[in-house]
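Visitor: Could you walk me through this model and tell me what stands behind each label?
Guide: Gladly; here it is.

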Amino acid sequence: MAGTRGKIKLRKSADTSLQKHCFQAIRTHFTALGTEAVLDLPTPLLKDLLPHLTACQLDEVQPALNKRGLSTYSGWVEILRDLVGLSRALDFRTEAEAKHEVMLRLFTSVFYGLSNNYVLKNSTNLKSNSFLSSAAKSIHHFILIPCMHQALQALTTNQQPLLVLLEKHIRTIQVSHLLLTVRKTQAVLYVLHRLLDHGITTNLVVSIDSALDLAWLLHGRGSQYVNMELKKLFSFPHVLQTSPASSSPDVESTASGNQSDDVIPCKRVKLYSESVEKEEGPFGVPNFTLDPQILCHTFSPCDGPSAGACTFGQITHLEIRTCGPDSLKVLSFSLPTFFCLQSLSLHSKSIFRELDVLEFAGALQQLSDSGCSSLIQLSLGLLPHVGLMKTLLNASPRLTSLCVEFQTAIWGLQFNLDHAGTAEPNTSELLLEKLTVKIIQLQTDLHFLTSVLRRSPHLASLHIAGMRLPTGCSQSQLLSTLSESNHSLKALTFEDIKLCDCLPDILKLLRGCMLEELSFNDCRLLERCINPEKSLVELVAALKMPSLHSLSLAQNRLAKNVCVLAELFSEESQSSLKQLDLRLTLDLRKNPGDRDPETWNMALKRLQSSSFLLVEGWKSTDTMVDHISNM
């Protein structure tokens, strides 16, 4: 019998190895075989084949497979695993998300000539204009790297068809380096202008802290505010007052086609060529014009019916990932008349100064009072204390989404400060539908949050992380407020919050609402329970609601009683749960993996789908090294 089992095991292993070789052959000779021949494979084989295909091949077969009801998700995740590792790859949970992330990473690498292991292994398929064109149709995010000016310059000459494709598909531009201080600025600004002002791009992500660059990016693209100091950046003391036909030879050579005498003259001044020496303007920036009309006529005639048709495009979603005090001031200048702005996200590596935040809140108030505001989403951090959340909401009461992050390094500070003055507390109803509060400080007065929750009857999503209460206080008041005031709640996430004495309040909340998503991550749920298994049974009974489809109980030390959760998936259960997250962080850094590499690697592969692993290349021989170092 044992011998028979061994033969079966060997046969299965041989079959798997043969199948793998066949899949590799299909991958290698995909073009010769043809798409139709591959698609004619039986459905089970096609599903097994997908993780072995390249990005180009997946992109080619996806439309036909989707029509047959088959997803290519497994193939895109396998590529992401190669690019970023499996734990991060699993963050992209749909076919569309996984494909976009793959195509964005590969497009950025190939376009700018960057290398990674996957690009090197698949260079034959990737390093071609056909791949760039295919990827450009699949991505909606473009990362602008000004120092890579040769690649951007190519978009103004031999790769103009690619630029046209990007105009039609890119909705978000990310500026990751300084714009106005690079040596060759014109091509960079031209590409940016074409995407922002000619294409469909309305979302801007700025990953630099430069008030100067931010001033140029915002100028004319939504704000009517005029500040004389910023206006100096757009003065033209060193440019030619001439039409395109009489421009300098150097500039003429960069245009896409010869300019004839009957071309409609440029209605505004034109840039000097890069070869012309320019004096420095304010802030050490060359004094050239930044007008879109001029940018277009420098490289090619404008696409509109006349030269005067080129205008500024609007920015509706703005994210500044490194926002310093000067950038915040520039934004505060622009904000009162930034009527088209719908979403604003500001994050600083250091804590914002309170006075700067109050000035920003004043600008928000002016925008709100204008009656023309479109702003409904605001994200801001790091703020010095929680009292500023109420200040922001009072300044912009029509927000439907607010995300705030607080951090303080000052001991003994009172965190329930309310900067509304001595007036009566504001009890007016808020339109908030989504609220995220992340707190990094020793203690927090809960009142700042419960008062906002009582004013938010439309709240559908709440995420709270890291909130610490004074000794002897409980989060039960927070849960009671949710039960009483927020009956529309659909998604609730508590992260790193002590809930070990709140089980009755949790059960009451669950029985009184129709949650669709619930996360208790690292909340010490059963830490003080006399009978953890019985308490978990009560929790599971309350979780059997028909609306709940996503549940996370990660990092709650449920291992001994985790089998109780199986009741959620029994045939008798009314639960409609589709996703359960119990992931753990496993530290395997002191476990030797070189004694049986095959078993070790197989075990890691199985664990990665359900755990976040900390693994280093530790060897059994290191034991002796450690021993000697401690002698």
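Visitor: Are F494 and F520 buried or exposed?
Guide: F494 is buried, and F520 is buried too. Buried means under 20% relative accessible area, exposed means over 50%, and partly exposed lies in between (1.4 Å probe, protein chains only). A word on the source: this is a predicted model, where local features need pLDDT of at least 70 and side-chain atom pairs count only at pLDDT 80 or more, while totals for chains, interfaces and linings use all residues. Residues are numbered from 1 along each chain as its sequence is written, and side-chain values use heavy atoms, with hydrogens and water left out.

Visitor: How many aromatic pairs are there, and what makes a pair?
Guide: The structure holds 6 aromatic pairs. Rings of Phe, Tyr and Trp (its six-membered ring) pair if their centres lie within 6.5 Å; planes under 30 degrees apart count as stacked, over 60 as edge-to-face and the rest as tilted.

Visitor: Why is the pair of F111 and Y112 called edge-to-face?
Guide: The ring centres of F111 and Y112 are 4.8 Å apart and the planes meet at 75°, so the pair is edge-to-face. Both residues are buried, and ring pairs link F107, F111, Y112 and F142 into a cluster.

Visitor: Why is the pair of F494 and F520 called tilted?
Guide: For F494 and F520 the centres lie 6.0 Å apart with planes at 35°, so the pair is tilted. F494 belongs to strand 10 and F520 to strand 11, so the pair ties together parts that are 26 residues apart in sequence. Helices (H or I, at least four residues) and strands (E, at least two) are DSSP runs, numbered from the N terminus.

Visitor: How many disulfides does a search of the whole structure find?
Guide: It finds 0 disulfides, a disulfide being a pair of cysteine sulfur atoms within 2.5 Å. C523 is in none, as the nearest cysteine sulfur, that of C502, is 9.7 Å away.

Visitor: Are C523 and C563 buried or exposed?
Guide: C523 has a relative accessible area of 0%, so C523 is buried. C563 has 58% relative accessibility, so C563 counts as exposed.
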